[in-house]
Amino acid sequence: MPSLHGEQTQASALLFVPPGTPPAGGWPVVVWIHGTTSVGHRLAAPSLSPDLDGGLTDDGFPSGYAELIATLVAAGYAVVAPDLEGLGEAASVPYPYYNAASTARSVTAGLQAAHQTHTPLSTHWAVVGHSDGGRGALSVEPYVSHVPGLGLRGVVAYAPFTSMRESVTALGTLARHDPANAANYVAVQNNLVLMMALALRAQRPDADLEPLLGRDLEAMIPAYQSQGIFKSVIGMMQHVGTVKPENFAGFHPEWHNDPDMQTFLTANDPAEMPDLVLNIPTLIVQGAMDEFVLEPLTTALATRLKDAGSAVTYQVYPEATHGSIVQAATPDVLKFLNSRLR
C-alpha cells in the first residue's frame, strides 16, 4: 500500500468469507476498522491476536471484535479486516496513529487485495469501525477513487474517537465537579494529549513535543510505545492516582494551540474538519455511558454533520459503554447494512 510518506510499504489484512454458495454477484463486503490497539507497538495488530483486537481483551478490555466479525460473516458478508499501516508482522514503517489518510489507504488497499483473491466478492461494500476505527470510517469517503469499479454504499461508526480538544476540556470540567474521581479524569485527559502528541510525532518526526507535554507525561512515552493501549491507560491512571493530579506534570493547558497540533487535528479529527460533509449514507451509534468517547460530543458532531447536509443517521444507546456499544448496536447496524448492501 502507499505509506504515509509516499513510498510503497508492506501491509497485512484478514479476509473472512461465509461458508456455502455466494449470491449472484459475489459476497457483499464489509471492511472492518479496529479501534486503538496501541500508538506505536507494531505487534498490537488484530491479525496477531486470537480475539482479533490486537490484545485489547487480553489486557482487560473485552472488545467484542471477534464476535462482531463472526456475526457479520454469519449474516452473509465477507469481512476485510486490515491491520492498518505500521501494524502487524509485515510492517516496516511507524504506525501513523490517528491519521485519516493512512487509515483510508489501509482500507482501500485491503479491499483491493481481497478482490485480487479468487473469492467471489461483490462490487458493493461498506466500511464499519469502532472508536478510532469509527473515526477512520468517517474519513474514508474522499478516498473511494482509489478502488475504481467498487461502490461504497454505507458507513458505520461505533463511538467514533473524535473531538480531542473538546474531550480534554470536558474531562477537566468533570474532574472539578467530581473530586472523588478527579484522578481518573485527569489521567484520561493526559492519555488523550499523549496519544495525539505521539500521533503527531509519527506523522512529523521533527515535531517538537515540548509545547505539549510536561516532564511526567513525557516520561511515559516509552511505555506507550512498547505496549498495548489499555495497559498504557491503566498505567497512566495508577501513576496519576499515586502522585495526585495536582503534582503530576502533565499536558500543557494550551497544547491544542500549538501550530503543528492545530494542523494535525484539522486534518485528522472529524470534529475539527471545517467543511466535512458525508454524502454516503452513514450510521453513527454511541453509548450514553461511554467513559472514553463522551456522548454529548458525539451528539454535537452528528448534529453538525446533519445540519451541513450529511446523510447521517444517529442513535444513542442509554446503557451502553465504550465496549458494550459493539454488542448493543449491532442489530441496528445489521439492519442498516442490509438496507445498503442487499
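Predicted model: local features only at pLDDT ≥ 70, side-chain atom pairs only at ≥ 80, totals over all residues.

Reply: Residues are numbered from 1 along each chain as its sequence is written, and side-chain values use heavy atoms, with hydrogens and water left out.

Me: What volume does the largest cavity have?
Reply: A cavity is a set of points on a 1 Å grid over the protein atoms alone where a 1.4 Å probe fits but cannot get out. Points are joined across faces, edges and corners, and a volume is the space filled by probe spheres set on them. The structure holds 3 cavities of 30 Å³ or more. The largest cavity has a volume of about 260 Å³.

Me: Which helix gives the most to the lining of the largest cavity?
Reply: Helices are DSSP runs of H or I, at least four residues, and strands are runs of E, at least two, numbered from the N terminus. Lining residues have an atom within 4 Å of a cavity point. Both α5 (182-203) and α8 (229-243) supply at least two residues of this lining. With 4 residues, the helix that gives the most is α5.

Me: How many charged residues are in the lining of the largest cavity?
Reply: Ala, Val, Leu, Ile, Met, Phe, Trp, Tyr, Cys and Pro count as nonpolar, Asp, Glu, Lys and Arg as charged, and the others, Gly among them, as polar. The lining has 18 residues, with T36, S131, I229, F292 and H322 nearest the centre of the cavity. By class there are 12 nonpolar and 6 polar residues, and the charged count is none.

Me: Is S131 buried or exposed?
Reply: S131 sits in the loop between β4 (121-130) and α3 (132-137). Its phi is positive, about 60°, although S131 is not a glycine. Buried means under 20% relative accessible area, exposed over 50%, partly exposed in between (1.4 Å probe, protein chains only). At a relative accessible area of 7%, S131 is buried.

Me: What is the relative accessibility of Y98?
Reply: Y98 lies in the loop between β3 (78-82) and α2. Phi of Y98 is near 60°, a positive value in a residue other than glycine. Y98 counts as buried because its relative accessibility is 1%.

Me: How many charged residues line the second largest cavity?
Reply: This cavity has a volume of about 50 Å³. Its lining is S3, L4, H5, E85, V93, P94, Y95, P96 and A202. By class that gives 6 nonpolar, 2 polar and, for charged, 1.

Me: What separates the C-alpha atoms of A113 and M1?
Reply: A113 is found in helix α2 (residues 100-115). A113 counts as partly exposed, at 39% relative accessibility. A113 and M1 are 112 residues apart along the chain, and their C-alpha atoms are separated by 9.6 Å.

Conventions
1 Å grid on protein atoms, 1.4 Å probe; cavity = no way out; pocket = protein on both sides within 12 Å on 5 of 7 lines; lining within 4 Å.
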